[in-house]
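I opened the model to look up a few things and noted them as I went.

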Amino acid sequence: MMRRWPTFLPIGVFAVLVCFFAWRLVLITRGDAPNLIPSVMIDKPAPAFDLPPLVLDRPGATGAALTGKVTLINFFSSWCIPCRAEHPLLIDLMNRSEIKGRLVLMGIDYKDKPEDGRGWLNRLSNPYEVIGMDRDGRVGIDFGVYGVPESYLIDRQGRIRYKQVGPFTPEDIQGKLLPLLAELSK
Amino acid sequence: MIPELGQFALIIALFVTLVQSVVPLVGAVRGDRAWMEVARPAALAQFALMATAFGALMSCYVTSDFSVLNVVQNSHTDKPMLYKISGVWGNHEGSMLLWVLILSIYGMAVSVFGGNLPPGLRARALSVQAMIAFGFLLFILLTSNPFTRVDPAPLNGDGLNPLLQDPGLAFHPPFLYLGYVGFSMAFSFAIAALMEGRVDAAWARWVRPWTLVAWCALTLGIAMGSWWAYYTLGWGGWWYWDPVENASFMPWLSGTALLHSSIVVEKRDTLKAWTILLAIVTFSLSLLGTFLVRSGVLTSVHSFAADPARGVFVLALLVVVTGGSLILFAVRGPSLKGGGLFTPLSREGALLLNNVLMSTAAGTVLLGTLYPLFADALDLGKVSVGPPFFNAVFIPLMVPMAVTMAVAPLLSWKRGDLAGVFGRLKLGIVATVVVVVATWLLKGGDAGPLWAAFGLGLATWLFVGAVMEWADRVRLFRVPFSETLERLVRLPRSAYGMTLAHAGVAVVIAGITGSAAWTVEKIQVMHPGDVVTVSGYDLRLDGTEDGIVGPNYMALRAHFSVTRDGKPVTDLYPEKRMYRQPPRPTTDAAIHTNFIGDLYAVIGDADGTGGYVTRLYFNPLVPWIFIGAVIMVIGGLVSLTDRRYRVGAPLRTARASVAKGRV
């Protein structure tokens with residue numbers, strides 16, 4: 001009558017599925033984010049932009065300022081909790097001796113009220129050398145930002161070389177950002 | 001105090017489910033009635049405890065108790081009461097609690113209404129239900145406790161995602177869970193039947209109404225979600241083939257197949273192993289959806305905060321539940337021998353074809369959803385699979401489905417007469433041809449695609465076919481009207497249910513065709529006073545008003561006055577809202593419907609010179625998608641009131657009472 005093997009087929013298919021899921025979970029637990037589709041902007045020139053300054057004593061953010069120096073563009077907002085978690089890491093980063101003079105940290109205050117952004121920097125201190133405000137998020141759209149914080153490392157030729165989605169962790173800075181930076185500032 | 005009460009209730013519920021999983025099962029194996037009967041009070045206790053826990057969390061939300069972390073993260077004092085309540089299940093922890101609560105409601109229903117079930121089957125089914133509940137309770141207590149306190153308590157909460165603050169979405173998750181969890185009934189009964197090694201008509205008669213309840217709830221839940229996406233996301237679309245949507249659609253597809261194959265088991269005593277497999281697969285797909293949404297394995301616009309630790313736990317749960325049941329199926333499945341023989345051209349054959357198509361569709365959606373994962377694992381690159389894939393694969397599967405749906409109910413069991421059926425469907429054939437030709441002629445001029453004419457023809461075919469089958473059964477216009485009336489009364493409710501459900505599908509098909517073929521979209525910058533014409537409607541932007549204060553948002557509201565041929569039709573007030581907590585913009589589309597089509601307006605950003613970007617759509621037949629879904633649900637509910645579910649299964653009860661006599 002009925003042969004035996006067909007009833008074993010479903011469990012076989014399911015076992016294969018489980019292997020894929022387990023593999024993916026292992027990757028996620030290791031900290032890779034395999035589910036993120038890489039930015040199409042990588043290795044492309046950064047989009048042009050010209051944003052008014054957020055604070056009086058620092059210049060606004062312009063695309064023209066990108067060439068000649070390695071720049072880290074950090075999109076942040078005063079209303080964003082992960083940005084707050086990331087903030088001290090950025091301050092530490094800029095205080096490192098090997099970083100001094102080799103990296104420009106450009107801040108872009110994304111979809112924020114200027115007074116809120118200024119208040120936030122006053123309270124938490126300001127690590128940004130240049131800082132612009134992107135009130136309606138237009139520049140964010142050009143860069144492909146889909147949430148704050150998000151950061152882009154731009155090489156001396158003005159090309160995007162690395163995109164950080166979400167806040168930097170100490171591991172990201174140590175394992176990804178610093179090696180790339182060393183390579184780019186050669 | 002109250003959060004601790006909730007937590008204790010959860011812990012006690014965990015132990016109750018442990019008892020309920022073990023004792024009745026041992027009793028069933030040993031034939032000990034007293035041990036088996038433990039399941040019934042245990043199921044009631046489980047429900048009471050879950051209701052206590054859920055009520056405790058609800059009260060924390062209603063009173064804005066910000067010493068509870070979950071409330072802090074998802075609520076805010078400014079939120080309207082409706083969204084404080086819906087906030088309970090608008091997050092991972094609370095939704096898991098709702099999940100187990102609904103599971104316990106179903107368990108209670110078996111305990112209360114299952115008086116005429118054979119005791120062994122009832123004890124085993126309740127035991128399997130308790131095992132599932134045990135797993136999820138452990139999951140809640142170990143990884144996702146909703147009652148965790150914070151000290152010091154903040155003054156206010158973070159608020160709920162504004163996109164979720166919508167009446168359509170407030171009740172979308174409970175209906176989805178009623179559906180997902182409802183399939184656990186079919187699952188538990190399938191496992192119980194595998195343990196007993198017996199599947200018969202009485203079993204099918206017991207499983208079918210529960211599957212029907214779950215199916216109705218899931219249909220409504222999916223329709224609500226789609227409706228919400230349609231009017232809040234502001235793109236005029238209603239289905240995006242997003243992984244989370246797919247996660248709810250897969251169990252719907254296999255659940256629909258289960259609904260139909262259990263008819264064959266009930267009426268013809270065949271397709272047993274297949275039906276059992278479908279019951280296992282349907283619930284497993286519900287679990288898989290839970291896993292995909294909560295583990296971060298796939299990215300989606302509306303997944304919960306992903307946490308790999310939770311992912312590992314849900315995967316383990318999935319392995320135990322699905323893996324265990326599939327192994328049981330592999331071992332015991334071959335012993336479930338079918339009785340009735342049938343030719344391919346029969347109602348069984350048609351229902352089998354329905355099953356094959358539905359399962360293939362579910363498999364296709366699964367493949368499309370997981371393909372990015374497979375491709376990444378096999379180093380084929382990072383890909384995303386979008387609507388083009390799903391449309392290309394799904395539509396060819398659904399066309400033969402709709403064609404046979406009209407034919408199948410007219411075929412007789414065992415051996416059908418296709419020529420006779422087409423003879424009875426003459427009117428359907430004529431109507432279909434008329435609609436196809438008329439659509440093609442009417443729309444053929446202005447780039448109306450040919451396939452759209454066929455889509456509407458397909459809908460007509462199915463609709464007329466469903467009505468004809470009903471007319472055929474009551475001998476409408478062929479016998480004196482008094483006899484027809486008598487037949488109308490005597491016709492089983494399940495027959496009405498089927499006619500309604502199939503007609504509902506026809507309406508949905510028409511809606512999908514209309515929206516895919518003839519949507520008109522106009523995007524432009526408008527200044528006050530500008531007029532844009534969309535499908536014969538003139539929309540004039542009269543002005544905008546900024547600074548409108550809502551309960552927890554500020555809004556910019558535009559005013560469009562709509563005229564057609566100079567006569568006023570309606571006024572539309574689309575809004576762009578900025579929520580205070582969390583600060584996030586949302587669009588609130590303004591929709592005017594005449595039930596044939598929707599006029600749909602969205603206001604966008606200001607251009608700096610007093611103008612605004614506006615997106616105006618005419619979406620023909622889109623309301624039919626939602627109306628059709630509601631008709632399907634009504635059909636399911638009508639079928640649920642069928643007499644044979646109320647009187648139960650006489651055959652099995654008789655046998656059971658004989659068994660009782662022996663004991």
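My notes on the model follow.

**Ground rules.** I number residues from 1 along each chain as its sequence is written, and the chains are lettered from A and ligands numbered from 1 in the order in which they are written. The model is predicted, and I keep to its limits: local features need pLDDT of at least 70, side-chain atom pairs count only at pLDDT 80 or more, and totals for chains, interfaces and linings use all residues.

**Confidence.** I looked up pLDDT, the predictor's confidence in each residue, from 0 to 100. Chain A averages 82, and 91% of its residues score at least 70. I took helices (H or I, at least four residues) and strands (E, at least two) as DSSP runs, numbered from the N terminus. In chain A, strand β1 (residues 71-76) has the highest confidence, at a mean of 92, and helix α4 (residues 138-143) the lowest, at 83.

**Cores.** I called a residue buried if 20 or more other C-beta atoms lie within 10 Å of its own, exposed if 12 or fewer, and partly exposed in between, with C-beta atoms placed from the backbone. A nonpolar core is then a set of buried Ala, Val, Leu, Ile, Met, Phe, Trp, Tyr and Cys residues joined through C-beta atoms within 7 Å. The largest one has 180 residues. Val100(B), Ala186(B), Ile276(B) and Leu462(B) have the most contacts inside it. Helix α10 (residues 201-232) of chain B gives the most to this core, 19 residues. I also found a second, separate core of 31 residues, with Ala61(A), Cys80(A), Leu103(A) and Val139(A) among them.

I then picked Val100(B) and listed its contacts (C-beta atoms, placed from the backbone, within 7 Å). Beyond four places in sequence, Val100(B) meets Met50(B), Ala133(B), Phe136(B), Leu137(B) and Ile140(B).

**Helix pairs.** I used axes fitted as lines to C-alpha atoms, for helices over the stretch in contact, with angles from 0 to 180 degrees between N-to-C directions. In chain B, helix α9 (residues 172-196) packs on α10(B) at about 155°, with the axes 7 Å apart. The pair α9(B) and α10(B) is therefore roughly antiparallel, a label I give to angles over 145 degrees. Helix α1 (residues 2-30) and helix α3 (residues 39-62) of chain B cross at roughly 160°, their axes coming within 8 Å. So α1(B) and α3(B) are also roughly antiparallel to each other.

**Backbone.** Where does the cis peptide bond from Asp151(B) to Pro152(B) sit? Pro152(B) is in the loop between α7 (119-143) and α8 (167-170) of chain B, and omega of the bond is near 0°.

I noted a positive phi of about 75° at Ser125(A), which is not a glycine. Ser125(A) lies in the loop between α3 (114-124) and β3 (130-134) of chain A and is exposed, with 9 other C-beta atoms within 10 Å. Trp241(B) also has a positive phi, near 50°. Trp241(B) is in the loop between α10 and α11 (243-268) of chain B and counts as partly exposed, with 18 C-beta neighbours inside 10 Å.

**Tyr231(B).** Not counting residues up to four places away in sequence, Tyr231(B) touches Ala589(B) and Ile591(B). I also checked Val88(B), 143 residues from Tyr231(B) along the chain: their C-alpha atoms are separated by 23 Å.

Key
Two residues are in contact if their C-beta atoms, placed from the backbone, lie within 7 Å. Angles under 35 degrees count as roughly parallel, over 145 as roughly antiparallel, 65 to 115 as roughly perpendicular and the rest as oblique.
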